[in-house]
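Have a look at the structure first.

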Amino acid sequence: MEHRVLSARTIVAWGVGLVLLAVASVVLLWVFAGSGNPQDGVRLDAVRTASSIVLGTGGAAALLLAARKQRSTELDLVQKDHDATERRVTELYGKAADQLGSDKAPVRLAGLYALERLAQGNPAHRQTIVNLVCAYLRMPFTPPPEVRARLTPRDAGKLQELEVRQTAAGLLAAHLRPDRPEAFWDGIALDLSNATLVKLTLTHARVRSASFAGTSFVGPATFRGTEFTGGADFRDARFHGLADFRRVRLPEAAFRGARFEGETDFGVHTAAALAGARTRTDAGVRRKWPDGWTERPEEPGWASLHRS
């Protein structure tokens with residue numbers, strides 16, 4: 001809301017008006033109170049009353065001006081505090097973003113924790129910070145081999161990057177659990193489309209919406225007990241390991257084009273639309289689909305999902 005400030009013209013007009021009233025009061029007092037008429041006393045009282053009104057009006061005007069000046073000063077201080085806070089947030093955000101782009105894993109980890117602290121203390125900036133972390137996780141990444149004894153120097157760098165990425169995903173997951181109110185970030189949307197996520201654990205979380213379109217899940221992907229209040233997009237996602245969707249609430253979810261290559265468990269309480277999804281049938285692993293969905297064999301080793 002825009003607050004209007006008294007202009008100099010208005011203040012001058014008030015001053016001139018008060019002076020004219022004072023002069024008129026003196027003239028009236030001189031004319032009517034000095035004639036010797038018995039009614040002069042009444043007239044004098046009337047003039048005195050008018051003078052009191054003028055003085056009271058002047059005092060009220062002065063009080064109004066003082067109040068407006070005080071309010072203007074307070075608003076200016078509030079605005080300055082807000083601007084200083086925003087500048088500091090921007091500086092910290094820029095510094096943490098620079099750290100996240102470092103070629104050294106410890107510096108990237110420091111940037112992640114700095115962003116987490118910034119988001120925890122500034123709710124208005126949480127979604128922006130989450131967007132930055134998600135953008136980092138969407139950057140191209142090839143996981144290192146599982147056998148660490150055979151890692152090359154290049155693979156060692158990938159292992160360090162994997163540590164940073166798992167930390168980033170873990171920080172997001174830790175702040176999306178409503179059962180931890182002191183750390184919960186409400187109303188967050190995730191965009192992890194086309195990312196490579198290793199051993200993702202997003203359990204008992206509440207997310208406004210999420211996009212995992214084209215995402216590659218390496219190792220177990222655990223969503224058990226999570227609620228997507230505004231829906232989730234898993235189109236063309238690829239689950240290389242366990243896909244755990246037990247007790248997940250998906251008001252709107254798209255799995256068209258998704259591929260399940262490992263153990264899959266939707267339990268008995270999760271409702272999901274799996275039209276267009278496919279699953280491997282030659283892996284010898286357990287697969288539990290939502291009620292009403294069955295496998296229909298297609299090419300060797302693969303089956304598509306259809307409503308029964």
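What follows covers the whole chain, then a sheet, then a helix.

Keep in mind that this is a predicted model. The protein chain has 308 residues, and 34% of them count as buried. In secondary structure terms, you'll find five helices and 17 strands. As for the surface, the chain exposes about 18,000 Å², with 56% of that supplied by carbon and sulfur atoms. If you take the contacts with a separation of 6 or more, 31% come from residues 24 or more positions apart.

Now for the sheet. Four strands make up an open sheet with parallel pairing, and the order is β1-β4-β8-β11. The edges belong to β1 and β11, each of which has a single partner strand, so one side of each has no neighbour in the sheet. Further in, β4 and β8 run parallel and are joined by two bridges. Ser211 sits opposite Asp233 in β8.

Here are the residue ranges of these strands:

| Strand | Residues |
|---|---|
| β1 | 189–191 |
| β4 | 209–211 |
| β8 | 232–233 |
| β11 | 253–254 |

On to helix α4, which takes in residues 126–138. Its 13 residues reach 18 Å from the first C-alpha to the last, close to the 18 Å expected at 1.5 Å a residue. Which residues of α4 are buried? They are Arg126, Ile129, Val130, Val133, Cys134, Tyr136 and Leu137. These cover an arc of only 155° around the axis, so they lie on the same side of α4.

Definitions and conventions: Residues are numbered from 1 along each chain as its sequence is written. This is a predicted model: local features need pLDDT of at least 70, side-chain atom pairs count only at pLDDT 80 or more; totals for chains, interfaces and linings use all residues. Side-chain values use heavy atoms; hydrogens and water are left out. The expected span of a helix is 1.5 Å times one less than its number of residues. Buried means under 20% relative accessible area, exposed over 50%, partly exposed in between (1.4 Å probe, protein chains only). The arc is that of the directions from the helix axis to the C-beta atoms. Contact means heavy atoms within 4.5 Å. Accessible areas come from the Shrake-Rupley method with a 1.4 Å probe; for residues, only the protein chains shown count as cover. Two strands pair if DSSP finds at least two bridges between them.
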